[in-house]
Amino acid sequence: MELYYLTAHELHDLLVKKEISAEEICRAVFDRIDAVEDKIKAYVTLTRDRAFARAREIDRKIAAGEEVPPLAGIPVAIKDNMCTRGVRTTCSSKILYNFVPPYNATVVEKLEAAGTVMVGKTNMDEFAMGSSTENSGFFVTANPWDLERVPGGSSGGSAAAVAAGEAITALGSDTGGSIRQPAAFCGVVGLKPTYGAVSRYGLVAFASSLDQIGPFTRDVTDCALMLNAICGHDPLDSTSAPRDIPDFTSCLRDDVKGLKIGVPREYMGEGIDPAVKEIIGQATGLLASLGAEIEETTLPHSRYALPTYYLIAPAEASSNLARYDGVRYGYRTEDARDVVDMFMKTRSQGFGPEVKRRIMLGTYALSAGYYDAYYLKALKVRTLIKQDFDRAFEKFDVLLAPTAPSPAFKRGEKTGDPLQMYMSDICTLAVNLAGMPGISIPAGFVDGLPVGMQLIGKPFGEGTLLRVAYTFEQHTDYHRRRPSL
Amino acid sequence: MITIKDVEHVALLARLELSEEEKQMYTKQLNAILEYAQMLNELNTDDIPPTAHVLPLKNVWREDEVGEHLPPEEVLANAPETEGQFFKVPRIV
């Protein structure tokens, strides 16, 4: 297999045996980008010179006999909503098209400390609002498995980059499913850690009580390595959890004997494609044959997750996005009469339609007279949704569900109807509302399109998720399949 | 039921200037979304406390010490318009 399609741990083995160099890995990935990026359009910005300089630095360390960390020399793509010092960070929005941060997000600092090589910044739905990467203010990203289809969203650029061999691993952010859903659509592993497990410092905020950064990888081992690199308490983020982080690679055991896995019936009912249900049924059967105890369970408030999410997330977004006024950074209109006119014109010209829709919805839900009926009500239902999970986890170690109701849909298929588009995240939203960790792994294919299985864990139960995912992976080959491009 | 007037009011609060076409579109779309959200009223939440955040948040304090901060030129580097060490904006009154 070509270098650009290997995993990080396979490349590390070759690196330390000096069979390849970090520069060769870097060249393989950039040659691949040159070959397929016109079709995929995963990147907003490429950092080629910087990447080669960094790769050569890693090679010098190896040549000097220094021990290098497991991710040293590994090309990584970063979603364009994480601040990168000296490299523009646009959130795929016209309003931030020229923003060059003077500092790094904590995750970027951590990946640099781990020796990774940043390839570039990936395309996304504007300000992470969307389920298909069709809401980017710049261009649409294609799904590597079928170029007519979407890669999922909002981290579609990151997922597509890993699936197409344009990066070995990537970072995304997940507010309502924006790592897991594109991971499922693109046939890669995507993990949303427990809220607070990974610092959000330097992540451009969308909905602060829901956003969480996590990795895209080709297999579960790489996912554990990425998690090792980015997890941990950060004093710069007041919502970062002060906990000791285990070595997640120690959780990679081919063993699910005695683990209790619940399958919520609400995630296998109406609205889920029958072919997806069949694949999830087969996956469940495999885990049962390997010794897991599988039982149907219920999360009775699941059907309320979508409306709850679409009141809370826009409310937080309307507040977070108030900072884009053209004063300190980003786009500013050219023909303002006075400062208020400048705010209005800058925001109206800079934001795209989905962002405006959510700002409007959030402003309405928070406005006098409607706050109790919409926003406060949603916060109360959020409690009920969280209680469902708490009850389920009194009995089960892990919950299992589809990641998305269908495989990747066609470009333009849902753009005319926001509610239909919002339904794409129906299997993932509740996990964010409750702050739980969730992972999506490739579980099968329908008509050549990947289908993801979602495993949901207790808070800070990433280790158990990795164990179940790793076991499944050892007995299947879906994660080894690659799209032909 | 949201009217165009409501949309105009919310747009003003959000500092957004909408075209007539956008007003029509958002009126229709916000109505559809909020109508869907009505399903939350099926639930009695009188005695349910709200969850604004899943972590037990508390204020985080640091020592009141003089530290390093970004140099003014870096702070101003992204600004559309500056004068001296200030962000420059159009007239306010």
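This is a predicted model: local features need pLDDT of at least 70, side-chain atom pairs count only at pLDDT 80 or more; totals for chains, interfaces and linings use all residues.
At what angle do helix H9 of chain A and helix H2 of chain B pack, and how far apart are their axes?

**View 1. Helix H9 of chain A packs with helix H2 of chain B.** Look for residues 305-320 of chain A, which make up H9(A), and residues 20-37 of chain B, which make up H2(B). The two helices pack at an angle of about 130 degrees, and their axes are 9 Å apart. An angle over 145 degrees would count as roughly antiparallel and one of 65 to 115 as roughly perpendicular, so H9(A) and H2(B) are oblique to each other. As for handedness, H9(A) passes H2(B) in a left-handed crossing.

**View 2. Side by side, these are the residues where H9(A) meets H2(B).** On the chain A side, you'll find Leu306(A), Pro307(A) and Leu311(A). They meet Leu34(B), Tyr36(B) and Ala37(B) from H2(B). What kinds of residues make up this contact of H9(A) with H2(B)? Six are nonpolar, with no polar and no charged ones.

**View 3. Chain B, with its three helices and two strands.** Follow chain B from the N terminus and the elements run α-α-α-β-β. With a radius of gyration of 23 Å, well over the 12 Å that the globule rule gives for 93 residues, chain B is more spread out than a compact globule. Its C-alpha atoms fill a box of roughly 55 × 45 × 20 Å along the principal axes.

**View 4. Buried residues in chain B.** How much of chain B counts as buried? That's 31% of its 93 residues.

Terms used: Residues are numbered from 1 along each chain as its sequence is written. Chains are lettered from A and ligands numbered from 1 in the order in which they are written. Side-chain values use heavy atoms; hydrogens and water are left out. Axes are lines fitted to C-alpha atoms, for helices over the stretch in contact, and angles run from 0 to 180 degrees between N-to-C directions. Helices (H or I, at least four residues) and strands (E, at least two) are DSSP runs, numbered from the N terminus. Angles under 35 degrees count as roughly parallel, over 145 as roughly antiparallel, 65 to 115 as roughly perpendicular and the rest as oblique. A crossing is left-handed if the near helix is turned anticlockwise from the far one by less than a right angle, and right-handed if clockwise. Contact means heavy atoms within 4.5 Å. Ala, Val, Leu, Ile, Met, Phe, Trp, Tyr, Cys and Pro count as nonpolar, Asp, Glu, Lys and Arg as charged, and the others, Gly among them, as polar. The radius of gyration is taken over C-alpha atoms; the globule rule is 2.2 Å times the number of residues to the power 0.38. Buried means under 20% relative accessible area, exposed over 50%, partly exposed in between (1.4 Å probe, protein chains only).
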